[in-house]
Amino acid sequence: GLNFIDLMVRQGNIDNPPKTPLVPGFECSGIVEALGDSVKGFEIGDRVMAFVNYNAWAEVVCTPVEFVYKIPDDMNFSEAAAFPMNFVTAYMMLFEVANLREGMSVLVHSAGGGVGQAVAQLCSTIPNVTVFGTASSFKHEAIKNSVTHLFDRNADYVQEVKRISVDGVDIVLDCLCGENTGKGLSLLKPLGTYILYGSSNMVTGETKSFFSFAKSWWQVEKVNPIKLYEENKVIAGFSLLNLLFKQNRGGLVKGVMDKLLNLYNSKKIKPVVDSLWALEEVKEAMQRIHDRGNIGKLILDVEKAPTPLMANDSTETSEAGEEEEDHEGDNENKERMPFIQ
């Protein structure tokens with residue numbers, strides 16, 4: 001699986017990454033080739049998906065058994081590689097942190113991305129949940145049926161939400177950070193929960209930018225505990241990778257995966273795969289995520305042959321970030337076109 005955090009690792013926006021050379025990637029699917037001496041519950045030949053603390057973008061991956069889960073019979077490998085990060089993150093934010101219940105409302109940014117689509121699907125399993133989503137305008141037609149109200153990410157979504165729901169929303173899921181933090185807090189109803197689970201606004205160019213980093217944090221509204229107390233609001237953070245690999249909550253995550261696989265087997269959720277890419281095409285795949293061009297998850301497939309370059313391909317890598325997002329729909333003119341699901 002290819003996630004936005006992989007771009008942040010590449011740019012050096014992650015604290016204490018392994019020393020280079022390193023193999024990126026935090027989730028994968030495949031077939032068990034070998035087992036440790038004390039491993040129980042798995043056999044050689046089993047189809048599995050797994051979390052990995054780096055090193056997932058490889059033909060052979062080794063990870064502790066507590067991070068490995070069997071793939072349902074009717075789930076293919078690309079869906080399995082798209083499943084763990086997105087759905088566990090979405091489920092734990094909605095149900096473990098924010099306690100989503102019938103009749104609540106949720107605002108999710110990047111509604112067309114992997115986590116955004118997982119959030120929308122999980123919200124549909126609870127009666128009468130209203131989902132407000134923001135996304136680039138060119139994605140609206142493809143995802144309009146997955147959320148209740150959809151807004152252009154560059155529009156004044158705060159006023160749009162308040163026009164529909166005067167009191168605001170119960171849950172805000174923010175993967176952008178920066179000025180969106182203050183906007184999200186302002187939209188919370190009393191007893192509402194704001195959850196920060198990413199900071200993609202810090203990634204604007206092809207390399208790490210101190211200016212972008214500083215600007216993003218400068219825009220973050222300073223959180224005043226007294227104000228939270230007076231307004232009855234909750235502010236929280238969620239990092240699945242830290243929960244797994246630094247805080248030793250693999251058992252908790254396994255329980256969540258069991259619930260998610262039951263939902264999958266009941267046909268209530270299904271991972272959305274944007275496209276498949278050969279390992280040699282990782283540059284182009286990362287550019288598609290960087291330009292926010294994907295709907296659902298991008299997958300690196302070790303068995304896929306690279307797609308031949310198109311005649312009008314450029315060897316230049318776009319410096320496009322948030323500012324050029326309106327032109328993302330034309331990405332096919334400047335990159336290899338992979339097999340689109």
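Student: What covers the buried residues of helix H1?

Tutor: The cover includes helix H12 (282–290). Please keep in mind that this is a predicted model. Within H1, which spans residues 4–11, the buried residues are Asp-6, Leu-7, Met-8, Val-9 and Gln-11. Just after H1, Gly-12 has a positive phi of about 85°.

Student: Which residues of the largest nonpolar core touch the most other members?

Tutor: They are Phe-51, Phe-83, Leu-173, Val-253 and Leu-260, in a core of 57 residues. Several elements each supply at least two residues of this core, including E2, H3, H4, strand E7 (169–174) and helix H11 (250–265). The largest share, eight residues, comes from H3. To see one member in its surroundings, take Leu-173: leaving aside neighbours within four places in sequence, Leu-173 is in contact with Met-93, Leu-94, Val-106, Leu-107, Val-108, His-109, Val-119, Ile-195 and Tyr-197. Apart from this core lies another, of 17 residues, among them Cys-28, Val-48, Ala-56 and Trp-277.

Student: Let us turn to a charged side chain. Why does Lys-297 count as buried?

Tutor: The assignment is made by relative accessibility, with buried meaning under 20%. Lys-297 counts as buried because its relative accessibility is 3%. This residue is placed in strand E11. Its side chain makes a polar contact of 3.2 Å with the side chain of Asn-3. Not counting residues up to four places away in sequence, Lys-297 touches residues including Gly-1, Glu-27, Met-85, Asn-86, Val-272 and Asp-274.

Student: How many cavities of 30 Å³ or more does a search of the whole structure find?

Tutor: The search finds one. The largest cavity has a volume of about 40 Å³. Its lining includes Asn-86, Phe-87, Gln-117, Lys-270 and Lys-297. H3 and helix H4 (114–123) each supply at least two of the lining residues, and H4 gives the most, with four. By type, the lining of this cavity divides into five nonpolar, five polar and two charged residues.

Student: A pocket, by contrast, is open. Which residues lie nearest the centre of the second largest pocket?

Tutor: Cys-28, Ser-29, Gly-30, Ile-31 and Glu-59 lie nearest its centre, and 37 residues line this pocket. The volume of the second largest pocket is about 1,100 Å³. Strand E1 (27–31), strand E2 (47–51), helix H2 (77–81) and strand E11 (297–301) each provide at least two lining residues. E1 contributes the largest share, five residues.

Student: How does the lining of the second largest pocket divide into nonpolar, polar and charged residues?

Tutor: The counts are 26 nonpolar, six polar and five charged.

Key. Residues are numbered from 1 along each chain as its sequence is written. This is a predicted model: local features need pLDDT of at least 70, side-chain atom pairs count only at pLDDT 80 or more; totals for chains, interfaces and linings use all residues. Side-chain values use heavy atoms; hydrogens and water are left out. On a 1 Å grid over the protein atoms alone, a cavity is a set of points where a 1.4 Å probe fits but cannot get out, and a pocket is an open set with protein on both sides within 12 Å along at least five of seven lines; lining residues have an atom within 4 Å of a point. Grid points are joined across faces, edges and corners, and a volume is the space filled by probe spheres set on the points. Ala, Val, Leu, Ile, Met, Phe, Trp, Tyr, Cys and Pro count as nonpolar, Asp, Glu, Lys and Arg as charged, and the others, Gly among them, as polar. Buried means under 20% relative accessible area, exposed over 50%, partly exposed in between (1.4 Å probe, protein chains only). A polar contact is a pair of N or O atoms within 3.5 Å; within protein, one must be able to donate a hydrogen and the other to accept it, and residues adjacent in sequence count only if both atoms are side-chain atoms. Contact means heavy atoms within 4.5 Å. A nonpolar core is a set of buried Ala, Val, Leu, Ile, Met, Phe, Trp, Tyr and Cys residues joined through side-chain atoms within 4.5 Å.
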